[in-house]
Amino acid sequence: MGWLDKSATNWTRSAKSVLEEAEIEEDERSEESEEDTDGEKRKGTQGIIEIENPNLIKPKNVKAKNVDIEKTTELSRREREEIEKQQAHERYMRLQEQGKTEQARKDLERLALIRQQRAEAAKKREEEKAAKEQKKLSSSK
């Protein structure tokens, strides 16, 4: 009977360890199911195999009521450069209108010269017209 007692003891020990392992697995499954209900539903083998892919971008669906309006988004380099270029152009055009740029000064000088030439030409035409009138009046007398 010694042999039977020994095997029975081993059987009860192995049965106890099997039961303990089953309880541990059950606890792990319940923890996993809690995690699954918290996160998104897993498709295919995703529930079986845990993979951490750093390149995987999870879609972020934000409801309108949860949107942070005050949050500023960072612009890309190209967008930032484009905005800076537009602002610089606007600044230059404002200075141009005020006549503070070198090009504006040259344009104003040319404009003044053209106005002066036109005024002289108009005065000369008036004088010639007056001279013709005088000639006409003196020849008819």
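Is Arg-105 buried, partly exposed or exposed, and what is its relative accessibility? Arg-105 counts as partly exposed at 40% relative accessibility, where buried means under 20% relative accessible area, exposed over 50% and partly exposed in between (1.4 Å probe, protein chains only).

The views show a predicted model, in which local features need pLDDT of at least 70 and side-chain atom pairs count only at pLDDT 80 or more, while totals for chains, interfaces and linings use all residues. Residues are numbered from 1 along each chain as its sequence is written, and side-chain values use heavy atoms, with hydrogens and water left out.

View A. Glu-102 is partly exposed at 48% relative accessibility.

**View B. Arg-110 and Asp-107 are also joined by a salt bridge, at 3.0 Å, N to O.** Both residues lie in helix 3, three residues apart, about one turn of the helix; helices (H or I, at least four residues) and strands (E, at least two) are DSSP runs numbered from the N terminus.

**View C. Thr-101 sits in the loop between helix 2 (77–98) and helix 3 (102–140).** Thr-101 is buried, with a relative accessible area of 10%, and touches Tyr-92, Leu-95 and Gln-96, leaving aside residues up to four places away in sequence, where contact means heavy atoms within 4.5 Å.

Definitions and conventions. A salt bridge is a side-chain nitrogen of Lys or Arg within 4 Å of a carboxyl oxygen of Asp or Glu.
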